[in-house]
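Please keep the structure open while reading.

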Amino acid sequence: MKGDLKALLKGKLDSEDIAAIYKSYDVIGDIAVVRIPEQALHHSEAIAEALILQHKHVRSVWRQSGPVTGDFRLRNLELIAGERETETVHREYGCLFKVDISKCYFSPRLAFERMRIASLVEEGNVVVNMFAGVGCYSIVIAKHSKVSKVYSIDVNPVAVEYMRENILLNKVVDKVLPIEGDARSIVERVLKGKADRVLMPLPERAHEFLDSAVSAVKSPAGWVHYYGFEHAGEGEDPIEKARGKAASVLQRLNVGFEASFGRVVRQTGPNWHQLAIDISVKKRIG
Ligand SMILES: C[S@@+](CC[C@H](N)C(=O)[O-])C[C@H]1O[C@@H](n2cnc3c(N)ncnc32)[C@H](O)[C@@H]1O
């Protein structure tokens, strides 16, 4: 769930302070996470109060100081109100995701994109999710499509532990297979040529793993769902930039490909976008 923090603070803060704060915030289960710029830090309590008033079930309000970082893509969090609790259960499209937001990546802002991917999955498809986190894409796919198997890899052992719990919570034991480790080495060892679809939800680094994603695709053909971050200045199309970046890697591999669909998943900063590109891959024989 996301909301408009500027609207919540109207009449509580003066317009200059409202102009300085970010409009969006996240509610993950019963935890709210908000980013507050330095100049508005003295309003932290008022901001937390407004959030708790708006979302009656929220028990903790955390300030996220900076972007997600490191291999595990974690948030740096400081408690500003309520209980010192970072574990919660988030509900999305009838799925439950248990997560510790200080130890695992989780974003409720990807809900639509997860459902979009699930709607593309055909009966009997085998999916490889290279960067599965606590299992969100994999579980939405298992619940909302007739997928055969979703191999779900993550390098963060804590995320994989939550993924195991979430697989049980959502009763998708027969469909989602959690695998702890580095996506490249797991694909190389056990998943070459297995997938109808490969998901790459690691936008900062997906291009580095495209060769590995392609090697996971079945012969003669399959799909790679690629994600990227792109800056787009005036007159630039971020979707075209992401397509171009993916194409420059794919051209060096011995495959045919068409980046047939692209969309902006969300805006991540002024002129910065997260993109999704659906790429059909045709393997050449010999
Ligand atoms: C942006 S998060 C996406 C998680 C999940 N798909 C979601 O939507 O919540 C990226 C995930 O990739 C994992 N990761 C980073 N490098 C990895 C690697 N080399 N192999 C496997 N997983 C990796 C991180 O631990 C993190 O959980």
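Asn125 sits in the loop that runs between H4 and strand S7 (126-129). The model is predicted. Asn125 counts as buried, because its relative accessibility is 7% and the limit for buried is under 20%. Its side chain has a polar contact with the side chain of Arg197. The distance is 3.0 Å.

## The ligand site

Which residues come nearest to the ligand? They are Asp71, Phe131, Asp154, Asp182 and Ala183, out of 21 residues around it. The shell around the ligand holds 13 nonpolar, three polar and five charged residues. Domain 1 (5-85) and domain 2 (108-283) each supply at least three residues to this shell.

An oxygen atom of the ligand lies 2.7 Å from an N or O atom in the Asp154 side chain. A polar backbone atom of Phe131 is 2.8 Å from a nitrogen atom of the ligand. Arg114 places a polar side-chain atom 3.2 Å from a ligand oxygen atom. On its own, the ligand has 600 Å² of accessible area, and the protein covers 97% of that.

## Salt bridges across the chain

How many salt bridges does the model have? The count comes to 21. One of them joins the side chains of Arg109 and Asp26, at 2.6 Å from N to O. Arg109 belongs to the loop between strand S6 (95-100) and helix H4 (111-120), while Asp26 belongs to strand S1 (residues 26-28), so the bridge ties together parts 83 residues apart in sequence. The two ends differ in cover. Arg109 is partly exposed at a relative accessible area of 28%, whereas Asp26 is buried at 5%.

A salt bridge also joins the side chains of Arg59 and Asp30, with 2.7 Å from N to O. This pair links distant parts of the chain, 29 residues apart. Arg59 is in the loop between helix H3 (44-54) and strand S3 (60-64). Asp30 is in the loop between S1 and strand S2 (31-34). Arg59 is partly exposed, with a relative accessible area of 33%. Asp30 counts as buried at 16% relative accessibility.

## A strand pair and a network

Where do the partners Glu78 and Arg63 lie? Glu78 is in strand S4 (residues 77-82) and Arg63 is in strand S3, so their bridge ties together parts 15 residues apart in sequence. Their side chains meet at 3.2 Å, N to O. Glu78 counts as partly exposed, at 35% relative accessibility. Arg63 counts as buried, at 8%.

Salt bridges also form a network. Glu113, Arg116, Arg263 and Asp278 are linked in it.

## Helix H5

Is helix H5 (residues 136-144) largely enclosed or left open? Seven of its nine residues are buried, so the rest of the structure largely encloses the helix. The buried residues in H5 are Cys136, Tyr137, Ser138, Ile139, Val140, Ile141 and Ala142.

An α-helix has 3.6 residues a turn, so residues three or four places apart point the same way. With that in mind, return to the list for H5. Cys136 and Ile139 are both buried. Tyr137 and Val140 are buried as well.

## Backbone geometry

The peptide bond joining Ser219 and Pro220 is cis, with omega of about 5 degrees. Pro220 is found in the loop between helix H8 (210-216) and strand S11 (221-231).

Tyr93 is not a glycine, yet its phi is positive, at about 45 degrees. The loop between strand S5 (87-92) and S6 holds Tyr93. At 40% relative accessibility, Tyr93 is partly exposed. Asn271 is not a glycine either, and its phi is positive, at about 65 degrees. Asn271 lies in the loop between strand S12 (255-269) and strand S13 (272-283). Asn271 is partly exposed, at 38% relative accessibility.

Conventions
Residues are numbered from 1 along each chain as its sequence is written. This is a predicted model: local features need pLDDT of at least 70, side-chain atom pairs count only at pLDDT 80 or more; totals for chains, interfaces and linings use all residues. Side-chain values use heavy atoms; hydrogens and water are left out. A residue is near a molecule or strand if one of its heavy atoms lies within 4 Å of it. A polar contact is a pair of N or O atoms within 3.5 Å; within protein, one must be able to donate a hydrogen and the other to accept it, and residues adjacent in sequence count only if both atoms are side-chain atoms. Accessible areas come from the Shrake-Rupley method with a 1.4 Å probe; for residues, only the protein chains shown count as cover. Ala, Val, Leu, Ile, Met, Phe, Trp, Tyr, Cys and Pro count as nonpolar, Asp, Glu, Lys and Arg as charged, and the others, Gly among them, as polar. Domain bounds come from an automatic or database domain assignment. A salt bridge is a side-chain nitrogen of Lys or Arg within 4 Å of a carboxyl oxygen of Asp or Glu. Helices (H or I, at least four residues) and strands (E, at least two) are DSSP runs, numbered from the N terminus. Buried means under 20% relative accessible area, exposed over 50%, partly exposed in between (1.4 Å probe, protein chains only).
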